[in-house]
Amino acid sequence: MAKRRLNKYKPVVALGVFLVAWWILPLGVKAFLKASFTEFQAPAWVASSYLDDLEGFWARRMHSKRELEIAGQEIARAKSYYQFNAQRAETLQAEIRRLESILDLPSRREYRYEVARVIRRDLNAWWQQLILRKGRDYDIPEGAAVVFAGGVVGRIVEVNAFTSRVELISSPKFRMAAQFEGDPRPVVYEGLPQSGFGDPVGRVSDAPQDLVATTKEPLRLVSTHLGGTFPPGLAIGKVAWLEPGGTGIFQTGEVMLDRDLLSLHEVAVLIPLNPIEIDSHAP
Amino acid sequence: MLLDQRAIIMFGANALLIYLSQLINSAMSVWPVYLFLLGPMVVLPALYLRHQSYFICTLITGFWVDATLGAPFGFFTSLFLVAGAFMFSIRIRVRPEHNYHPILLAHLLNLFFIAALTLGTGREYFGVASFWIQVLTTLFCSHLALLVVAPWFFNLERQLFEICHLETEPEDLPRL
């Protein structure tokens, strides 16, 4: 009888033992457990992503020849336009290099673009993240910037063998240095909890008082080289109004982000070619 | 036997449920709909299995869910074990061979997980209206979906027991 009564408390005792063990367990063991479980389930997500690609392939095979001809013409037009732009960019790059050498400016950070497929979008009130189909197998580093045609997507927060996790720019945990287009003064951008209804939004703070934003002429918020993660000039969003912040010295406002952030299929990870080595600059 | 074979089936069913719910969430990311369906995962292991098998099944399910979702690692494992301990204490009063009680418990546990997640990770956003709009929308959609998903899920687990020629009845009660 007494044994039966003691047995009743078995789950509570087991729970207590687990909680104490979890509390004293070294971080390395927890990290190993997390990595093991993540890697174990990664193939299922990667496989579903490849199945998606296959579905797209068969869907495109259903198009008529005429539709493919029209699409080919459009691609040929776009190709010639981008070829012209590439030539122009090369000329401008050469000009920048020449001016830099004349002025003896320090070299800027260069990036390699690694295009990656989005295999899962996990957007809710508590976290906002994407899972990409490339990881350590493509030398994706932790903390790397992630961009798309509309601007900044977020930052890599976890890298696994074949996948990586991106903290989205709309996530409440995301924070970065930014500036308004044409104004070199730095401001702070941070994500906000999303309501799920309407476009994603963020918040800008520490904006100088002389800046004025209206719905007719919204200010464009772009990335800055400060912080070292993002190259300068990438679009973050638009600010339609600014109001005095808590201190009264600076202004704050809501940033309207690109709606395509919620339905991304492909993004580019910016991998620095000359990473900053903090230790080497230490005195 | 160290581990009841039904624990393996239950873990497999749990992994399938989280996989399917995340596939749906990913596909519906443009809409303000997010399905949070963790409630049914703890119900049958706690009601059907002996303590050792239940503990192993729930622990591994917790780690699996923690690796999938964005909460701190170990968060859902702890919650699952807390919920499991509660279920064990009341399992003598529950009829697990029918769906009524397990469905009710699945709803209660789902509500508990959402509340714990909100309190545990979202305290700094309590003053933000959009946070609450999203939490309430998630709560509403998830419990609406659970009305369909929970019976399907419990029947699937029992069906798998039958297919694998395993015991379809819970362990004798009140032994642990």
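Author: First, a definition: pLDDT is the predictor's confidence in each residue, from 0 to 100. The model is predicted. Chain A averages a pLDDT of 87, and 94% of its residues score at least 70.

Reader: Which elements of chain A have the lowest and the highest mean pLDDT?

Author: Helix α1 (residues 2–7) of chain A has the lowest, 60. Strand β5 (residues 164–168) of chain A has the highest, 95.

Reader: Turn to chain B. Why is B:Phe11 called partly exposed?

Author: B:Phe11 has 19 C-beta neighbours inside 10 Å. Buried needs 20 or more, and exposed means 12 or fewer. The count of 19 lies in between, so B:Phe11 is partly exposed.

Reader: Where is B:Phe11, and what does B:Phe11 touch?

Author: B:Phe11 sits in helix α1 (residues 5–27) of chain B. Leaving out residues up to four places away in sequence, B:Phe11 touches B:Cys57, B:Ile60 and B:Thr61.

Reader: What makes α3(B) roughly antiparallel to α4(B)?

Author: Helix α3 (residues 51–68) and helix α4 (residues 75–90) of chain B pack at an angle of about 150°, with their axes 7 Å apart. Angles over 145 degrees count as roughly antiparallel. Therefore α3(B) is roughly antiparallel to α4(B).

Reader: Which residues make the contact?

Author: Among them are B:Tyr54, B:Leu59 and B:Phe63 of α3(B), and B:Phe76, B:Phe80 and B:Leu81 of α4(B). By class, the contact has eight nonpolar, five polar and one charged residues. The crossing of the two helices is right-handed.

Note on methods
Residues are numbered from 1 along each chain as its sequence is written. Chains are lettered from A and ligands numbered from 1 in the order in which they are written. This is a predicted model: local features need pLDDT of at least 70, side-chain atom pairs count only at pLDDT 80 or more; totals for chains, interfaces and linings use all residues. Helices (H or I, at least four residues) and strands (E, at least two) are DSSP runs, numbered from the N terminus. Two residues are in contact if their C-beta atoms, placed from the backbone, lie within 7 Å. Axes are lines fitted to C-alpha atoms, for helices over the stretch in contact, and angles run from 0 to 180 degrees between N-to-C directions. Angles under 35 degrees count as roughly parallel, over 145 as roughly antiparallel, 65 to 115 as roughly perpendicular and the rest as oblique. A crossing is left-handed if the near helix is turned anticlockwise from the far one by less than a right angle, and right-handed if clockwise. Ala, Val, Leu, Ile, Met, Phe, Trp, Tyr, Cys and Pro count as nonpolar, Asp, Glu, Lys and Arg as charged, and the others, Gly among them, as polar.
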